Structure formats: C-alpha cells, structure tokens
Amino acid sequence: MLVKYSPATSCAFSSSSSRHHCYHYRSHFACAPKTSPFTSWVLRTTESSLPSRHVCVRSSMQDDSASSSHPQEMMTTHGVSEIIIGVLGGGQLGRMLCQAGSKMALKIVTLDPMENCPASSLSYQHVVGNFKDGDAVCEFAKRCGVLTVEIEHVDAITLEKLEQQGIDCQPKASTIRIIQDKYSQKVHFSQNNIPLPDFMEINNLASAEKAGELFGYPLMIKSKRLAYDGRGNAVAHRKEDLTSIVNSLGGFEYGLYVEKWTPFVKELSVIVARSRDGSTLCYPVVETVHKDNICHVVEAPADIPEKTKKLSIDIAQKAVGSLEGAGVFAVELFLTQDSQVLLNEVAPRPHNSGHHTIESCYTSQYEQHLRAILGLPLGDPSLKTPAAIMYNILGEADGEEGFKLANELIGRALNIPGATVHWYDKPEMRKQRKMGHITIVGPSKSVVKSRLNLLLQNDVTVEKQAVTPRVAIIMGSDSDLPIMKDAAEILTSFGIPFELTIVSAHRTPERMYSFAMSAKERGIQVIIAGAGGAAHLPGMVASLTALPVIGVPVKTSSLSGMDSLLSIVQMPKGIPVATVAIGNAANAGLLAARMMASTDSDLWDKVTKYQKELEDTVLLKAERLEGEGWERYLNA
C-alpha cells in the first residue's frame with residue numbers, strides 16, 4: 001500500500017549517517033482507559049507500509065509508569081475527539097465526510113485504490129490500497145480507532161474477522177454483508193415485515209419465465225451484487241426479452257433476482273441516523289428524481305401528505321432498526337398510486353439523497369455520521385430553510401468537452417441566489433459520471449425550482465430582477481383598496497415583496513380555494529385579508545391554509561365596520577385569524593413584518609429601527625411640549 005501523508009502530519013530530521021522521515025500519529029488511545037480494545041494500536045503500527053522510508057510512530061501515550069502517576073491527564077481529550085476515523089473508500093462521500101470532520105478537527109484517514117481520489121486532498125492521511133482487498137483492509141485498520149465505509153462494496157468477511165479481533169466497525173460487518181447483496185437485503189427486510197415489492201430469486205431460464213408468469217410484464221431483473229446508479233438493472237417487457245436481458249447482466253451465474261414491476265408515482269428517501277445506543281433521528285422525507293436510473297434531482301421536503309411522511313419515516317426507522325451498528329443510513333422508498341409506501345433498498349452510509357443537508361439542515365448527514373460512529377450526541381436533523389433542491393452535476397460528455405460544459409454550468413450557478421456548488425475534483429470526466437452537485441435553498445419550493453430552471457435554461461439574468469412575494473394582500477372588492485393600500489405602503493417601506501389582488505369568498509370561491517392552497521408553494525409566508533360586511537374572506541382562507549392570516553375589518557356604510565370586526569374575531573376554535581382595528585391596514589402590514597422578522601435578521605433590524613423611530617418621535621414631541629408649553633405648542 002502507498003501511504004499519502006499530508007505535510008502537516010510529517011516532519012523530517014537528519015543524522016550523520018542517514019536521513020529519516022518521522023510521521024506523527026495522534027490518536028485517542030493516549031487518553032483511553034487501559035481496558036480499551038484499541039490500546040494495542042501503537043504496537044501494531046510500528047511497521048510502515050512504505051518500503052523505502054523509516055516511519056517513526058509517535059503517540060501522546062506515556063509509558064505505564066508515567067501514565068499511572070497521572071490518571072486524570074490520561075483521560076483528557078483535546079477537542080471533540082482524538083479517535084482516528086478510518087473510512088473505506090475515498091470518493092465524493094468520503095470527501096464530504098472529511099469536510100464535515102474538519103470543522104471539529106476530527107482525524108479521518110481514507111483507503112482507496114486511487115491516489116488522487118476526491119477525498120485524498122482533504123483526509124488527515126490517505127492510504128492507496130483496495131478496500132476490497134482483505135490484507136489491505138487489515139493493515140489499514142491498524143491505524144484506526146473506528147472503521148466505517150463510504151461505499152458498501154467492501155470485504156465484509158474481513159470486517160467480521162476484524163470485529164472478532166476487537167476492531168470497532170460502524171456500521172457492523174453483518175449490516176454490510178446484508179446490504180451488499182441486494183437479494184439477501186430483500187430477504188432480510190421481508191423477514192422483518194418491511195413492506196416490499198414482490199421478488200424472487202432466478203437461477204435459470206425456467207425460473208425467470210416462472211417469475212414472469214407470477215408477476216407479469218414488464219419485469220425488473222436485477223443483479224444481486226455491485227449494482228448501483230442503474231447499473232446491474234434491466235427491464236424485460238415480454239417473455240422473449242428474458243434471454244437477452246439475462247445475458248446483458250452477466251448470466252445466471254452472476255447472481256440475479258427479479259422484482260415485480262412497481263408503478264410508483266414518486267421515489268422518496270429518508271436519511272436515518274442511529275447512535276451507538278440504538279436511538280434514531282430521521283431527516284425530513286425528500287423526493288428523488290432520476291435520469292437514466294441515476295439520481296438527478298432531490299427536492300426537500302417532499303411534497304406529500306403528512307400521513308405519507310409519517311408512514312415513510314416509520315418504515316425507514318423499522319428497516320434501520322433491523323440492522324446493526326451506528327451511523328447514517330439512507331432508506332429509498334416507492335410511493336405507489338394507491339398511497340402505499342414500499343422499501344426499495346437501504347444504503348449503510350451517507351447518500352446522494354442527503355447531499356442537500358449540508359446547506360439545508362442544522363446538522364448535515366456527514367457530520368451526523370461522524371457523531372454517530374464516535375458515540376457523540378446526534379445533531380438536529382431538521383431543515384433550517386423552508387425548501388431546498390439538489391442537482392447532480394453529471395458528465396455531459398467525456399474528457400475536456402465534459403469539463404467545459406460542467407464549468408459553464410458552475411459559472412451560471414454562482415450567479416443564482418441561494419446556490420452552493422460542490423465539485424468533487426475527480427481527475428477523469430466521463431459521460432453520466434457524478435462530478436459534483438449544486439444545492440439551492442430558498443423561501444419555498446417554487447422559488448428553488450424556478451432558480452434551478454433558470455440555471456438549466458442558461459439564463460440567470462432574469463433571476464436578479466425576479467422577486468418572489470412573501471406577503472399576499474387580498475380583498476373581496478376593489479372598493480377596499482383605499483384601506484388596504486396602507487398595508488402595501490408599510491411592506492414597501494420594509495422592502496418586503498408582496499402581491500396584491502382581489503379574491504372574493506362569495507363571488508369567486510374556486511379562485512379563493514386555489515389561491516389559499518397554492519400560497520405556501522408560491523413562497524407566501526403571511527396573508528393579509530381585508531373584508532367588509534359578512535367578512536368571510538379571512539376566515540375561509542385561514543381554514544384552507546396553515547399560513548398565518550391577518551384580517552382587516554373594512555368600514556361599511558351600514559354598521560361602520562363593527563360587523564366586519566365581530567365576524568373576524570368570532571372564528572371557531574382551531575381556525576385562528578389575527579385582526580387589527582377597523583380600517584387599520586397599516587398595523588396589519590406591521591404585524592406581518594414582525595411575524596417574518598423572527599426568522600429574518602435583516603428584517604428584524606428594520607422592524608427594531610422602525611420601533612425606535614416611533615419612540616424617538618414621541619420623546620421629541622414630549623421635549624418640545626415641555627419646553628414650549630401647551631399653548632405655544634398648539635398654536636405652532
């Protein structure tokens with residue numbers, strides 16, 4: 001194995017006879033109790049894998065006599081953790097694990113066959129070696145306090161042997177062994193009563209034909225092992241296709257099984273984090289959109305009913321609960337036409353469908369994985385932005401042409417508000433290869449989708465001028481406009497974009513329904529509804545959306561607005577509508593601004609400044625009144 005060292009981890013010294021290179025390994029073992037299963041690590045790593053260099057392994061662990069006299073110092077951890085984290089695989093997932101670990105100065109070493117793999121430039125130490133090679137994995141494990149994976153296609157048998165020797169593998173080797181064989185995975189989840197599409201093993205043409213008779217066509221045929229991103233999967237549309245499809249997948253001896261075709265309406269994914277004590281936290285359900293069987297776009301959160309979200313999370317937790325070990329797991333699901341949720345497959349590692357969490361969640365899936373395997377408290381997985389969308393940068397052509405097209409896309413992305421570019425720095429460009437991703441966050445799903453569309457349409461200049469309304473001002477008639485304009489003026493003074501239109505609860509009920517149901521998706525955060533007379537508009541809109549609604553009673557000729565006010569404040573329990581004084585639309589605008597300011601620091605500053613200006617105005621008047629006297633003050 002070739003070991004690639006970061007300059008920060010090495011020092012050189014010379015003697016009269018020869019020059020040696022001394023590499024420093026800082027590990028947690030110095031501060032671990034003597035009963036730690038890893039206390040033999042220092043002894044095991046005294047031999048270098050570099051043939052031409054003398055490697056001097058140094059540890060902060062003192063000899064027994066010194067450590068026994070200072071037991072408290074032995075237990076001290078400098079920083080978050082000094083455990084050396086070994087990652088089998090150095091692809092983009094390993095790269096992003098290193099990025100997450102760098103925030104906490106965690107030491108992550110990687111094993112990958114490529115010297116210049118994506119993680120190599122960011123890892124604490126990169127070892128060039130095959131993660132499928134048992135000897136390479138065993139040698140690599142000697143450097144690590146905990147071993148994890150960024151790809152499941154590793155030597156699970158070796159991991160099981162390492163566990164028997166006391167090496168800490170997370171997730172457990174048993175989980176890796178189950179997951180890396182997709183047929184075994186199906187059998188396992190079926191035995192644990194997880195809802196799945198029907199499936200069966202095939203080992204000859206007769207069994208394949210029998211599967212077609214049982215499940216019908218089209219029929220999904222899959223390889224048991226080494227299948228990902230659509231590779232190893234094929235569809236037989238009729239019985240006559242079976243032979244050619246099987247041959248294209250390597251033949252029956254390669255290991256095949258079939259699944260009944262699932263007419264899903266959406267593909268969903270749930271990232272589940274499980275700690276060492278078995279407790280779990282779930283990220284919000286997302287929708288994944290595939291292109292040529294490769295994850296192309298991820299939308300967060302998924303636009304599905306709450307009932308479906310709960311069902312998806314329940315299935316995901318149950319599936320992960322049937323496996324062993326700590327870490328982050330990705331649970332891919334199918335949502336069917338009849339609202340069933342079926343498990344597709346599970347990945348025992350961070351996943352493409354969780355890339356967005358770096359920008360959109362309080363704790364990214366990568367930080368969460370590190371927390372979980374180290375035994376640290378799990379972080380908050382909830383969204384910190386209303387909506388996010390992740391777009392995979394797939395190679396559009398081979399070689400330099402592909403790099404050129406990707407660079408043009410990145411250039412456009414850098415002009416998109418809320419967009420973050422992740423480039424994996426892979427040395428070779430191939431068509432359909434995952435080269436990076438772009439995450440766009442924003443105030444609503446419609447906003448992030450529109451920004452992505454602008455990015456893909458090669459025109460981002462419109463976005464700079466486009467403004468998404470955050471407040472909707474509606475009224476039952478244009479006769480209410482002289483009152484409602486005051487709300488518009490207030491919002492304008494705060495720089496809050498808004499839309500203003502006429503929506504009648506009585507004369508245009510379908511328009512009212514459509515408006516209320518689509519408001520959140522369009523980016524609306526607060527609705528101001530003016531109404532006179534029966535004043536049904538605020539209450540009806542509030543019954544159709546969970547957005548806050550502020551009612552403005554409009555003065556009427558018959559009862560001077562008292563009927564409007566009383567109608568608004570007498571909403572039934574469970575349908576809240578805020579209100580202001582009759583005709584005081586300005587206060588409705590201020591209230592909307594305050595509602596949004598709690599999660600918008602810039603707006604908070606503007607609202608606070610406005611409030612201070614009101615105070616200053618009153619104090620100035622008081623000072624003048626006291627100085628001039630009331631008679632002069634009134635006659636001025």
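Reader: How many disulfides does a search of the whole structure find?

Author: The search finds zero disulfides. The cysteine sulfur nearest to that of C117 belongs to C98 and is 8.7 Å away, whereas a disulfide is a pair of cysteine sulfur atoms within 2.5 Å. C117 is therefore in no disulfide. This is a predicted model, in which local features need pLDDT of at least 70 and side-chain atom pairs count only at pLDDT 80 or more, while totals for chains, interfaces and linings use all residues. Residues are numbered from 1 along each chain as its sequence is written, and side-chain values use heavy atoms, with hydrogens and water left out.

Reader: Why is C117 called buried?

Author: C117 has a relative accessible area of 3%. Buried means under 20%, exposed over 50%, and partly exposed in between (1.4 Å probe, protein chains only). So C117 counts as buried. C361, at 1% relative accessibility, is buried as well.

Reader: How do you know that T336 is buried?

Author: T336 has a relative accessible area of 7%, which is under 20%, so T336 is buried. T336 lies in strand β16; strands (E, at least two residues) and helices (H or I, at least four) are DSSP runs, numbered from the N terminus. Beyond its neighbours within four places in sequence, T336 is in contact (heavy atoms within 4.5 Å) with T262, P263, F264, V265 and L342.

Reader: What makes a set of residues a nonpolar core?

Author: The members must be buried Ala, Val, Leu, Ile, Met, Phe, Trp, Tyr or Cys residues, joined through side-chain atoms within 4.5 Å. The largest such core has 27 residues, of which F189, V331, L333, L343 and V346 touch the most other members. Elements that each supply at least two residues of this core include α7 (173-180), α8 (182-191) and β16 (327-336). A second, separate core has 24 residues, among them I473, M484, I496 and A592.

Reader: Which residues is V331 in contact with, leaving aside its neighbours within four places in sequence?

Author: V331 is in contact with L268, S269, V270, V272, A316, V320, L343, E345 and V346.

Reader: How many residues does the chain have, and what share of them counts as buried?

Author: The chain has 636 residues, and 50% count as buried. Its secondary structure comes to 23 helices and 25 strands. Of the contacts with a separation of 6 or more, 63% are between residues 24 or more positions apart.
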